[in-house]
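Good morning, and thank you for making time for this item. Please bring up the sequence and the coordinates, and I shall then go through selected features in turn.

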Protein chains: 2
Amino acid sequence: MARPTLAVVGATGSVGAVMLDLLSSRRDVWGEIRLIASTRSAGKSLMCRGESLPVRSLTAEAFDGVDVAMFDVPDDVAAHWAPIAVSRGAVVVDNSAVFRMEPDVPLVVPDVNHEVLGHRPRGIVSSANCTVAAMIMAVAPLHFEYGLRELVLASYQSASGVGQVGVDTLHDQLTKVAGDRLLGSRPGNVRQAVGDDLGPFPAPLALNVVPWAGQIATLGWSSEELKLRNESRKILGLTALKVSATCVRVPVVTGHSVAVHAVFAAEVTADGARQVLRNAPGVILVDDPEAGEFPMPIDAVGTDPSWVGRIRRAMDDPRALDFFVTGDNMRKGAALNTVQTAELLAVELSR
Amino acid sequence: MARPTLAVVGATGSVGAVMLDLLSSRRDVWGEIRLIASTRSAGKSLMCRGESLPVRSLTAEAFDGVDVAMFDVPDDVAAHWAPIAVSRGAVVVDNSAVFRMEPDVPLVVPDVNHEVLGHRPRGIVSSANCTVAAMIMAVAPLHFEYGLRELVLASYQSASGVGQVGVDTLHDQLTKVAGDRLLGSRPGNVRQAVGDDLGPFPAPLALNVVPWAGQIATLGWSSEELKLRNESRKILGLTALKVSATCVRVPVVTGHSVAVHAVFAAEVTADGARQVLRNAPGVILVDDPEAGEFPMPIDAVGTDPSWVGRIRRAMDDPRALDFFVTGDNMRKGAALNTVQTAELLAVELSR
């Protein structure tokens, strides 16, 4: 069979840009690559695999002849257009939240559960939430070794998780507050300095942490917190996994971090966990506090793996581990996981 | 009895400055207030209760006639000088970590466990760690209602937790990175922009989160993480309380936050917890995410209470609550808790 045709839907977005970077640097499995975006962006050209490609409008016809279509677009756009792409014969790898929890849609993190794709993939395949993807890369191999029972999670999520407008807003705010040593030391003065333009955030992000990400879901939980619970359960196939998560936005550009407390069925040791993670695909072990080595966004940004460190056995529970994970939310949290999933589909489609 | 004489040891430090502010604004129970600092700072004058007071050198004689001495100085200075102050007849309220876990030293958070002071206080009394103090204000009333069994904690600690040098370092770094929209988006470029001067932190703090606070303690735990466990146990009188904490420094000037997962003996409800916290002393309930109301450092800074919000019952455990707490680490986390404790001593000494 000829190499499959790939569509990149949302090619002009910030995740789309990382997708094109990845397609240009990874082992190439694709025939034609077709860039698709909103009508507003159509007509532009973008570089991919060393050549300039035109951006086409998002229409039903744009999917004719497409084998695999990667979507990174807002939820409502994905809800409308992914089924249309499927009806035109494409398998869709969607990075929105819309389809992830549907029973017949595989939710994929390739290094963890690629087998859910099956051998005749069709329809829609979902790529995991950004925070889930980074975290699950470390949690899954420990689950396979010790049998996961419970997760208590607290996140440190970056501005780019809400797109380039989040990054721009953070930098604008930092410009207003940096260097004035009183700012952040007196009540209300950061709000005053930042002004009314909060961008996509519910409060100023500079010199602050905002314990809210996503939309109101239910009983006080945010949509982001429920994703951590529900997607973890689905990806690991653990329908009764106990999960409590608190999602917090921090003034970081890119790189989502999670403080993880994981309780297992079997007793654990920190050294055993380190050994498991040292051998895990897509994981970098960074665990030497005395040498200043622990996972941090400024180091993980721009890299593919999940960085894991601060590994400790709980002092009061021999079945529990505490650790810290950081991953690039634009890569494993979005573009990379989608591209890896699409590549697996390319292999299956070529059989 | 005449009003007691108070000494403020470390009066010229950043916590000392907040102590003098508080002494000038709270109901006044003191006779003479004597300011004491290192020889280097002696001879300066500072304002307190509307008058300019000279700063005296830290000597044994400086404590003669002192009834209560508040200490906010480095651990080694406290270890040396607090016993000397006691030998001169003062009761010491110490904000260092040196004496907190000694069996005969009360560890006090006044609204929670003032009874440990007893009626004839003498010797050394310790004030709790900054993160512990903010967190325990919310946890203690819930414990009294539901019976606490376990805490899983993740902190978001500010730069001023390590003193003014932390604040200065953060602002210097922010000046170097603010506005350059590529910074934080590419690997290593924040480290390059910040340069080698990390101040008191093990890594750049601007545009980053650093999962390390304090010194190496044992088995991979930091001293700060062990304080959260050991001080919580002592303050609540729960010798078998299970505690796992991950301490993380964030680019915030002042205001320590904690994501709390608390497991109780009895079943809980979010509304019940809100009712408990609405009536708790030293707590402000800020829990309306749809209106953008949750606890944040930029709002809590400069205020006395612990701000508590994001209260949810765990979806998979009817005995567990998740919530978020923010407190001003210079106030309840340091100066305020010390001043409140000293005021209780003043009452006891006046009996």
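Ser41(A) is buried, its relative accessible area being 5%; here buried means under 20% relative accessible area, exposed over 50%, and partly exposed in between, with a 1.4 Å probe and protein chains only. The residue lies in the loop between strand S2 (33-37) and strand S3 (45-48) of chain A. Helices (H or I, at least four residues) and strands (E, at least two) are DSSP runs, numbered from the N terminus. What does Ser41(A) contact, leaving aside its neighbours within four places in sequence? The partners are Thr12(A) and Val55(A), where contact means heavy atoms within 4.5 Å.

A word on the basis of these values. This is a predicted model, in which local features need pLDDT of at least 70 and side-chain atom pairs count only at pLDDT 80 or more, while totals for chains, interfaces and linings use all residues. Residues are numbered from 1 along each chain as its sequence is written, chains are lettered from A and ligands numbered from 1 in the order in which they are written, and side-chain values use heavy atoms, with hydrogens and water left out.

Let me turn to the annotations. For chain A, an unreviewed UniProt entry lists residues 5-120 as "domain: Semialdehyde dehydrogenase NAD-binding". UniProt positions are given in the numbering used here, feature names are shortened, and annotations may be inferred rather than shown by experiment. Over residues 5-120 of chain A, 25% of the chain is helix and 26% is strand, and the end C-alpha atoms are 17 Å apart.

The UniProt annotation "active site", again from an unreviewed entry, covers Cys130(A) and His256(A). They span 127 residues in sequence, yet no two of their C-alpha atoms are more than 7.8 Å apart, so they gather at one spot.

Cys130(A) is found in helix H4, residues 130-146 of chain A. With a relative accessible area of 13%, Cys130(A) is buried. Leaving aside neighbours within four places in sequence, Cys130(A) is in contact with Glu224(A), His256(A), Asn329(A) and Gly333(A).

His256(A), for its part, is found in strand S13, residues 256-264 of chain A. Is this residue buried or exposed, given its relative accessibility? At 0%, His256(A) counts as buried. Not counting residues up to four places away in sequence, His256(A) touches a list of residues that includes Cys130(A), Tyr156(A), Ser158(A), Arg249(A), Thr326(A) and Asn329(A). A polar atom of the His256(A) side chain lies 3.0 Å from the backbone nitrogen of Ser158(A).

Strand S15 (residues 306-313) of chain A is mostly covered, with 7 of its 8 residues buried. On one hand, S15(A) is joined by 3 bridges to strand S14 (residues 283-285) of chain A, and the two run parallel; two strands pair if DSSP finds at least two bridges between them. In this pairing Leu285(A) stands opposite Val308(A). On the other hand, S15(A) pairs with strand S16 (residues 320-327) of chain A in the antiparallel sense over 5 bridges. Trp307(A) stands opposite Thr326(A) there, and a hairpin of 6 residues joins S15(A) to S16(A).

Finally, the relation between the copies. Two copies of a chain are related by a rotation about an axis and a shift along it. Chain A can be laid on chain B with an RMSD of 0.0 Å by a turn of 180° and a shift of 0.0 Å along the axis. That is the relation of a two-fold axis. The copies are superposed by least squares on the C-alpha atoms of residues with pLDDT of at least 70 in both. Of the interface residues of chain A, 100% are also interface residues in chain B, so the copies meet through the same surface.

Methods
A polar contact is a pair of N or O atoms within 3.5 Å; within protein, one must be able to donate a hydrogen and the other to accept it, and residues adjacent in sequence count only if both atoms are side-chain atoms.
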